[in-house]
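Dear colleague,

Please find the structure below.

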Amino acid sequence: GCLDPENFKKFKLVEKTQISHNVAKFRFALPTPTSVLGLPIGQHISCRGQDATGEEVIKPYTPTTLDSDLGNFQLVIKMYPQGRMSHHFREMKVGDYMSVKGPKGRFKYQVGQVRAFGMLAGGSGITPMFQVARAILENPNDKTKVHLVYANVTPEDILLKEELDSLAEEYPDRFKIFYVLNQPPEVWNGGVGFVSQDMIKTHCPAPAEDIQILRCGPPPMNKAMAAHLEELGYTKEMQFQF
């Protein structure tokens, strides 16, 4: 792998693709075309940049690529108007370097460790879920089922929608996705409002020793989901928060 957990290393931005007014895809080159980043499934990296005042900022991000993607890694970044690291990403141009350190994270995954994952994601919290789901689904020896509930405000806010929909199409028996919107369009067949206990009950695996529910979203959502899960009978061992 190309990462160092103790020291920041620089990686060159080779492609920046604007996806919507506040979301862009950043592709960084690894030292050689056959290099791997060396990131265990479900772990993340720390990126270092500067905010608008020139002060140093360090934030965690989960690449949407896996170690099966050689020679580069990719970040899908939602840039917030007041976000300190968002400023750095907005200013980045192709040819610039990003300082990265890792891997980081408590999540450990082994094939077959659970029968099924439920995933409760909100906004940018989709990135670790996408990475775990992709790794499971693209491994022919992994039979784990993945049930994703993904919440956003508007349809435009749904990150990685194309990629998620194509995974659902390609692996219909193993990957199910349920979108929830706070402000849905007039024609909408997903959930409406916030993720409720009923939605979790309907779309996630029921409490059992051999399942796990993964959570990643804004802090208020994580808190609400933890409360829902507890009331539905999921023990602490059955949950993991990124």
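Contact here means heavy atoms within 4.5 Å. Helices (H or I, at least four residues) and strands (E, at least two) are DSSP runs, numbered from the N terminus. This is a predicted model, in which local features need pLDDT of at least 70, side-chain atom pairs count only at pLDDT 80 or more, and totals for chains, interfaces and linings use all residues. Residues are numbered from 1 along each chain as its sequence is written, and side-chain values use heavy atoms, with hydrogens and water left out.

Helix 3 (residues 161–170) has Leu164, Leu167 and Ala168 buried (under 20% relative accessible area; exposed is over 50%, partly exposed in between; 1.4 Å probe, protein chains only). Seen down the axis of helix 3, its buried residues fall within an arc of 100°, so they line one face; the arc is that of the directions from the helix axis to the C-beta atoms. Their cover includes helix 2 (126–137), strand 8 (145–152) and strand 9 (175–181). Glu162, Glu169 and Glu170, on the other side of helix 3, are exposed.

Six strands form an open sheet in the order 10-9-8-7-11-12, with parallel pairing (two strands pair if DSSP finds at least two bridges between them). Its edge strands, each pairing on one side only, are strand 10 (191–192) and strand 12 (239–241). Seven bridges join strand 7 (residues 116–122) to strand 8 in the parallel sense, and alanine 116 stands opposite lysine 145 in strand 8.

Yours sincerely
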